[in-house]
Amino acid sequence: MIRRTPIALFLVGAALMLGATACGGDSSSSSGETTTIEASTTTESITAESGPSTSAELDGEVGPGFEIEVKQNGEDAESVKAGTYTLKVEDKSDIHNFHLIGPGVDKEVTTVPFQGDQTVTVTLEPGTYTYQCDPHASQGMKGTFEVT
Ligand SMILES: [Cu+2]
């Protein structure tokens, strides 16, 4: 009786390989959960490796104060996978601009007098990218992220 668990696990594994779900029944349901979790973890890592295209979006923000930032999935972008991204910039001030500089990119997404949203497509290559407000970059109004 005590030895049931490993046997049940083996049976679940065998049942999964055969594609048969009927033979396990009630006794195998708890060990079946463990198998399901392992399977979904594997699926997630395969998805992550196969491409960043599902979340290929970056959000930039500048102003209204002397602030500039780039976020990915709501978090400060520090390390980003190489690829083509939709970059949405919210420019909340008419005294700042948003300028992205890095390998293959030198793009002033918004100009100083512009206020509002601007969306551009950028292709990011491995290296360091700097985003800055040109008039105030020397005062620290800039940031960087790495593309790998
Ligand atoms: Cu500025």
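**Strand pairing and the nonpolar core**

Tyr129 lies opposite Phe145 of strand 10. Strands are DSSP runs of E with at least two residues, numbered from the N terminus. The model is predicted: local features need pLDDT of at least 70, side-chain atom pairs count only at pLDDT 80 or more, and totals for chains, interfaces and linings use all residues. Residues are numbered from 1 along each chain as its sequence is written.

Strand 9 (residues 127–132) and strand 10 (residues 142–147) run antiparallel and are joined by 6 bridges; two strands pair if DSSP finds at least two bridges between them. An open sheet of 5 strands has the order 4-10-9-6-7, with mixed pairing. Its edge strands, each pairing on one side only, are strand 4 (79–80) and strand 7 (105–110).

The largest nonpolar core contains 17 residues, and Ile68, Phe98 and Tyr131 have the most contacts inside it. Such a core is a set of buried Ala, Val, Leu, Ile, Met, Phe, Trp, Tyr and Cys residues joined through C-beta atoms within 7 Å. Two or more residues each come from strand 1, strand 2 (68–72), strand 5 (83–91), strand 6 (98–102) and strand 9. Strand 5 gives the largest share, 3 residues.

Val62 is located in strand 1 (residues 57–62). Val62 is buried, since 28 other C-beta atoms lie within 10 Å and the cut-off is 20 or more, with C-beta atoms placed from the backbone. Not counting residues up to four places away in sequence, the contacts of Val62 include Ile68, Phe98 and Cys133, a contact being a pair of C-beta atoms, placed from the backbone, within 7 Å. Val62 and Cys133 are 71 residues apart in sequence, with C-alpha atoms 7.9 Å apart in space.

Terms used
Helices (H or I, at least four residues) and strands (E, at least two) are DSSP runs, numbered from the N terminus. A residue is buried if 20 or more other C-beta atoms lie within 10 Å of its own, exposed if 12 or fewer, and partly exposed in between; C-beta atoms are placed from the backbone. Two residues are in contact if their C-beta atoms, placed from the backbone, lie within 7 Å.
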